Amino acid sequence: MPLGFAQRIVSRDDLVARFIDSAAGAAARVVHGTRAELATLVAGFSGDGLASDGVARFDREAQRVASRCLSMVPGVPGTVAVPDDPHALADLDLLVCEGVLGVAENGGIWLPASRLGERSALVLARHVVVVLARSSIVADLHAAYAAVDVSAESFGVFLAGPSKTADIEQSLVIGAHGAMGVTVVLLDE
Amino acid sequence: MRVALFAPCFVDHLVPSAAIAALRVLERLGIVVDVPDGAACCGQPVANAGFASAGAAALERFADTFASYDHVVVLSGSCAVHVRGHATGIGDAGIRVAQRTTEFCAFLHDVVGVERVRMLGATLRARVALHIGCHALRGLDLARPSELQLRPSNKVRAVLATVEGLSFAALARPDECCGFGGSFSIGEGAVSARMGRDRLADVQAGGATALVTTDLSCAIHLRGVDRAAGGALPMWHVAEVLAGMAACDALDASGGER
Amino acid sequence: MRDRGEPRPLPVLDATGAVDHAAGAERFVANEARTTWHDASLWFVREKRDRAASTVEDWEALRDAASAIKTHTLSRLDEYLAQFEQRATARGITVHWARDAAEHNEIVLGILSARGARRLVKSKSMLTEECGLNDYLIGRGIDVVDTDLGERIVQLRNEPPSHIVMPAIHLKKEEIGETFHEHLGTPAGDDDPDALTAAARVHLRARFLAADAALTGVNFAIAETGGIVVCTNEGNADLGTALAPVHIASMGIEKLVPRAADLGVFLRLLARSATGQASTVYASHMHAARPGQALHVVLVDNGRSAQLGRADFWGSLKCIRCAACINTCPVYRRSGGYSYGSTVPGPIGSVLTPGFDLQKYASLPFASTLCGSCAAVCPVRVDLDVQLYKWRQLAVDAGYVSPVKGWLMRRLGAVLADPALLQLTVGIAGAILRVVPRPLARRLAGAWGRWRELPEMPAQSFRAWYRANRRGPD
Ligand code: SF4
């Protein structure tokens, strides 16, 4: 069965703008940078405390300088290595990883296991920084599934912003179980 | 073009004024209308309650009565939907009738045309809340339901827009169900009445001075809820507005010639 | 723990043990302020859904595609299930088949026992609710913790979920604050959602870290690849499965899609229809166990193949459990999840549950005005209103409505088929109404008059007027 959702031709700038809108709608913070300045940018994030709203208001840990950082991005130094036991990441402050592809329509970013180092880091880290090349943004999920083989690895996830819940009277709360904040660094490449 | 007008059982006996209005509107539009004896009901009240078999005789009678007409104009969206959906199961007459049965506003919009309706020159100084019965809305495409992501359209509104002096109240939930639902109004009376009160509260919040509907079954229920709470909101069928009979509360009318 | 005088949130059962939806609903609407609040909460979600759907240009075509894919899959479900099993097994996933709830529960217990697992963390799975898994496991010494915030709230209160996506939608934050004060030691009177969620986070984080096994539901299973997809906003499925040495995924057999590419259609629809989000925060694709972990998928029938065999109702298996039909249902919004007495409430619950036990759930198909909003909102185009109508016919045919109602309806059918008899009946009723005082008349009119004023009886029917004014004297 052909799906027949034709891709309308849109400019890259338009795709990026839509991605940024969608990511903001999912409560992710989007910043711009170059690969060369990544290390400085990330060091800057960990200095200001990583999240300030939602559950983070009540979590002192979330507001201190990030000292335990797992980085899967070359050039960005981490302080912890991928452990054998995922439980060892229980106190992880920061995960820095690079997305394979971004989805303009919903702000989702495809992250297969290899990009996370350890699956649990995605949800144990208080904050997740996802580096994403502007050129990797596609329009919608049809394009995303056409571009990635979701079965290539044992695990892969479309991540759209920080963990959230609205289970208490429909109030949106950021930071339910997983990351209290997600920062997307859009690389101009 | 042979046109029949069908006033369903509850319209015939409880709101005859609306049927008189519809007849007059069609006559003024130059349409020769027949009101045949024979069928009193399409069987929907019992079929929707789970007793389709008990309603089958009424539906068959309906099919026999109206099989020879080109258009069967029904003064109830929900009855029209029932006939269109269920008469197909009772042979050739049923299939024919199902295809040719339509609702009053749909007939005016699709067959007569809004420009001819405008020539009726109806006037009504009122800010009206429009209530399209759910079955008519979703089963007859009388208007685009709020769930669907399609271009907005509303045949009933288009017909009523020809009425001078009439404006539309904006409702917070334009197509929320009023809670009638046939036997639901009895079997689930508490929720039904609550839905009616909520619908009326929205109508009032929208600043409407009257309610205009395609479905008098909804109106009988809403009126009962309204009057039980001491309200006096006028409620009219579209035909009563077009016939100029809406100046006084037409649902109160005795049905005599005025 | 509850408002004083607030009835326990259980369905009302009649003398035969059948769910009496109308009675449960009447109890719910008796609290007017709470009904207003409940209705508004759900309507808020419906409006979010509308906004989200409106941003997708091809929304209606997307619904068509989703419906077509599900229809196709269901038409060859056996083949796709076999393919899924084969591909999943090749990836080292252990696939189990459960004919019914009891088999499912035994399989889960068996997996846990084999590993000596005693602490189970669960993410949302309506299937395990359907199977009564929690009680089964708890009764056998397993510590079961629901980790979805809403599910944890109702678990602490010893209540079932009242909604399939928002399990605690019936509760006010003050009530949740009290529950957390009692069970998690939060300060008395604290009802700030951020603070309560923070407390739950700490409480549940410890459970995640200590868990021996994680159980999740499945949103989609991909036949072509042998993988599963689990969608959450909280990240609880990912926390559980990324830490525990065993992952058990329980899924109904209708969750299959043929190809990974089909997910583009379903994931575009799911979150928008469910909560109005463009996407869930996590849409996790699992194609093998983590190193050192075991991954089990339990394929559960539990009445699904019977439903698939019902010509009028197989379409209900297209459902992706987004709950949009529940949120939009004007009756659910004003009767609450517990009035249905079923795991899945609302329109979809009312077409699925009678398939399990028509006698017990015969009132559910009648808990609707047949307004059709459910079918119009459904992302996979389940013709819910049509199926409700058809279940009504079956409930009547099987004799599951009261004999009085049955007699009345059959009489009414005969009267409506005969204009002269109808005229006579109305004439008698009108004559009575004209002489009886209004309050008494309302009482005589039973359930109609209890809630409404009676209509005025006109002097003359339309037909009588027509004969007099258009045909001339007979
Ligand atoms: S029937 Fe449709 S609208 Fe209702 S839960 Fe299932 S998929 Fe959603």
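Chain C of this predicted model contains 22 helices and ten strands.

**Chain C**

The C-alpha trace of chain C spans about 95 × 55 × 45 Å along its principal axes. For 474 residues, a compact globule would have a radius of gyration near 23 Å, and the 26 Å of chain C agrees with this. Of the 474 residues in the chain, 61% are buried, where buried means a relative accessible area under 20%.

Chain C carries 56 positive and 51 negative side chains. The centres of these two sets lie 4 Å apart.

Chain A has six helices and eleven strands. The table sets some values of the two chains side by side.

| Property | Chain A | Chain C |
|---|---|---|
| Helices and strands | six helices, eleven strands | 22 helices, ten strands |
| Buried residues | 60% of 189 residues | 61% of 474 residues |

Within chain A, residues 24 or more positions apart account for 72% of the contacts with a separation of 6 or more.

**How the chains meet**

Two pairs of chains are in contact, and of these, chains B and C share the most contacts. Chain A and chain B do not touch, and their nearest C-alpha atoms are 16 Å apart.

Between chains C and A, 76 residues of chain C are in contact with 53 residues of chain A. The size of an interface is often given as the accessible area lost when the parts come together. For chain C and chain A this buried area is about 5200 Å², with 59% of it given by carbon and sulfur atoms. C:D194, C:R201 and C:H285 supply 14% of the area that chain C buries against chain A, more than any other three residues.

B:D141 is exposed because its relative accessibility of 54% is over the 50% limit. B:S153, at 44%, is partly exposed, since this value falls between the limits of 20% and 50%. Although twelve residues separate B:S153 and B:D141 along the chain, their C-alpha atoms are 8.9 Å apart. Beyond its neighbours within four places in sequence, B:S153 is in contact with B:A143 and B:R144. The phi angle of B:D141 is positive, about 55 degrees, although this residue is not a glycine.

A positive phi also occurs in chain A, where A:Q170, a residue other than glycine, has a value near 65 degrees. A:Q170 lies in the loop between strand 9 (164–165) and strand 10 (173–174). Its relative accessible area is 12%, so A:Q170 is buried.

B:W236 belongs to strand 8 of chain B, which covers residues 235–237. With 5% relative accessibility, B:W236 counts as buried. The C-alpha atoms of B:W236 and B:A246 are separated by 6.6 Å, while the two residues are ten apart along the chain.

How values were computed. Residues are numbered from 1 along each chain as its sequence is written. Chains are lettered from A and ligands numbered from 1 in the order in which they are written. This is a predicted model: local features need pLDDT of at least 70, side-chain atom pairs count only at pLDDT 80 or more; totals for chains, interfaces and linings use all residues. Side-chain values use heavy atoms; hydrogens and water are left out. Helices (H or I, at least four residues) and strands (E, at least two) are DSSP runs, numbered from the N terminus. The radius of gyration is taken over C-alpha atoms; the globule rule is 2.2 Å times the number of residues to the power 0.38. Buried means under 20% relative accessible area, exposed over 50%, partly exposed in between (1.4 Å probe, protein chains only). Lys and Arg count as positive and Asp and Glu as negative; His and the chain ends are not counted. The place of a charge is taken as NZ of Lys, CZ of Arg, CG of Asp or CD of Glu. Contact means heavy atoms within 4.5 Å. Buried area is the accessible area (1.4 Å probe) that two parts lose on being put together, summed over both.
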